[in-house]
Amino acid sequence: MKKRVFSGARPTARQHIGNLLGAIDNYVNLQKDYDCVYCIVDIHALTTLQDTAQIQNYIRELALDWLAAGLDPHKSIIFVQSHVPEVTELHTYLSMVTPLSWLLRVPTFKEKAKAQPDNVNYGLVGYPVLMASDIVLYKAEVVPVGEDQLPHLELTREIARRFNGLFGETFPEPKAKLTSFPNIPSLISSGKMSKSEAGSTIDIAHTAEETTARIMNAITDPARKFRKDPGHPEVCNIYTLHKYFTPAEKVEKIGVECRKAEIGCVDCKKLLSANMNEFLRPLREKRSELAARPEFIKEVLADGADRARVIARETIREVKQKMGLL
Ligand code: AMP
Ligand code: TRP
């Protein structure tokens with residue numbers, strides 16, 4: 001039997017190239033050898049975004065991004081979290097075996113509590129328990145994610161271990177799978193590319209013109225103020241992106257020329273935006289084609305939920321039996 005893969009993303013924005021290079025690339029590649037389940041986690045989205053009309057819109061956008069990037073509904077289960085409500089039942093059981101102290105020290109909880117001090121809701125504290133429930137409900141062993149999710153995965157393993165210790169071996173302890181680009185930098189700051197920092201991203205759905213404009217506006221090596229100053233490619237976000245979008249020999253050449261101030265940032269950015277737009281062109285074309293077929297997206301998600309529910313029900317039955325609740 002094939003091992004299972006599970007991953008998810010919150011429908012609070014469209015997907016950007018940080019998501020693509022950091023996570024979606026692996027979602028697509030793993031479809032060959034694994035039984036894959038990919039979830040649009042709308043319940044998680046509610047911890048920070050309570051505007052459900054927006055969430056509904058982003059569910060559709062995210063499905064388009066994923067399908068455009070190569071997720072195949074014939075191979076993978078693609079579904080919306082709340083359509084398979086068994087996850088909330090498992091979340092309740094797992095919350096009883098998860099010490100509050102584990103949750104209060106999770107870095108994303110601390111960051112979000114700071115970012116939204118007027119809305120530190122109960123669900124925000126339980127976010128990693130719900131994420132653990134997503135993963136173990138499908139007994140996934142491999143979880144493709146970006147680097148920022150590693151603390152959540154560690155906690156998932158601890159929760160699974162604790163449940164297994166208390167009630168008997170039930171869940172595998174899942175492992176994170178990173179790409180070679182697990183932390184794509186922001187275009188405009190020293191942080192990571194993130195939907196919560198306006199202007200920091202290039203989205204799959206952007207036009208070629210928007211992409212070029214954002215790259216031309218991006219920060220580079222802060223020490224390189226003038227064209228004649230030698231650059232430090234290792235600290236330049238644009239250089240990091242070249243490593244993905246530009247052929248290796250050319251990347252090496254740019255590195256050498258940048259250090260000697262033989263190439264300026266403007267030319268370097270023009271080359272990147274040309275290569276990036278060329279790479280994203282087929283994805284963008286496919287995305288526009290799919291956007292014209294809203295019924296198809298609905299069918300994919302409904303079929304995904306039907307297939308996910310079969311697995312979820314079976315796990316819940318086993319969990320209740322192990323816990324002595326049946
Ligand atoms: P999100 O859209 O924030 O729910 O994230 C979806 C996936 O993309 C998660 O696996 C994240 O770890 C990954 N991700 C988000 N931002 C980045 C980034 N800047 N670099 C690499 N991976 C990322
Ligand atoms: N926390 C993840 C993020 O913010 C989204 C997520 C929810 C997830 N459940 C998951 C990722 C299960 C992997 C597996 O990106």
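**View 1. Two domains, one protein chain.** The centres of domain 1 and domain 2, taken over C-alpha atoms, lie 33 Å apart. Domain 1 covers 4-184 + 294-322, and domain 2 covers 208-287. These bounds come from an automatic or database domain assignment. The model is predicted: local features need pLDDT of at least 70, side-chain atom pairs count only at pLDDT 80 or more, and totals for chains, interfaces and linings use all residues. Residues are numbered from 1 along each chain as its sequence is written, and side-chain values use heavy atoms, leaving out hydrogens and water.

**View 2. Where the domains touch.** Domain 1 brings 13 residues into contact with 11 residues of domain 2 (contact: heavy atoms within 4.5 Å). About 1000 Å² is buried between the two domains, and carbon and sulfur atoms give 69% of that area. Buried area is the accessible area (1.4 Å probe) that two parts lose on being put together, summed over both. Ile17, Ala68 and Phe181 supply 44% of what domain 1 buries against domain 2, more than any other three residues.

View 3. Two salt bridges cross the interface of domain 1 and domain 2. A salt bridge needs a side-chain nitrogen of Lys or Arg within 4 Å of a carboxyl oxygen of Asp or Glu. Arginine 287 forms one with aspartate 65; their closest N and O atoms are 2.6 Å apart.

**View 4. The domain 1 side.** Helix H1 (17-30) and helix H3 (52-69) each give two or more residues to the side touching domain 2. H3 gives the most, with six residues. Helices here are DSSP runs (H or I, at least four residues), numbered from the N terminus.

Terms used
Chains lettered and ligands numbered in written order.
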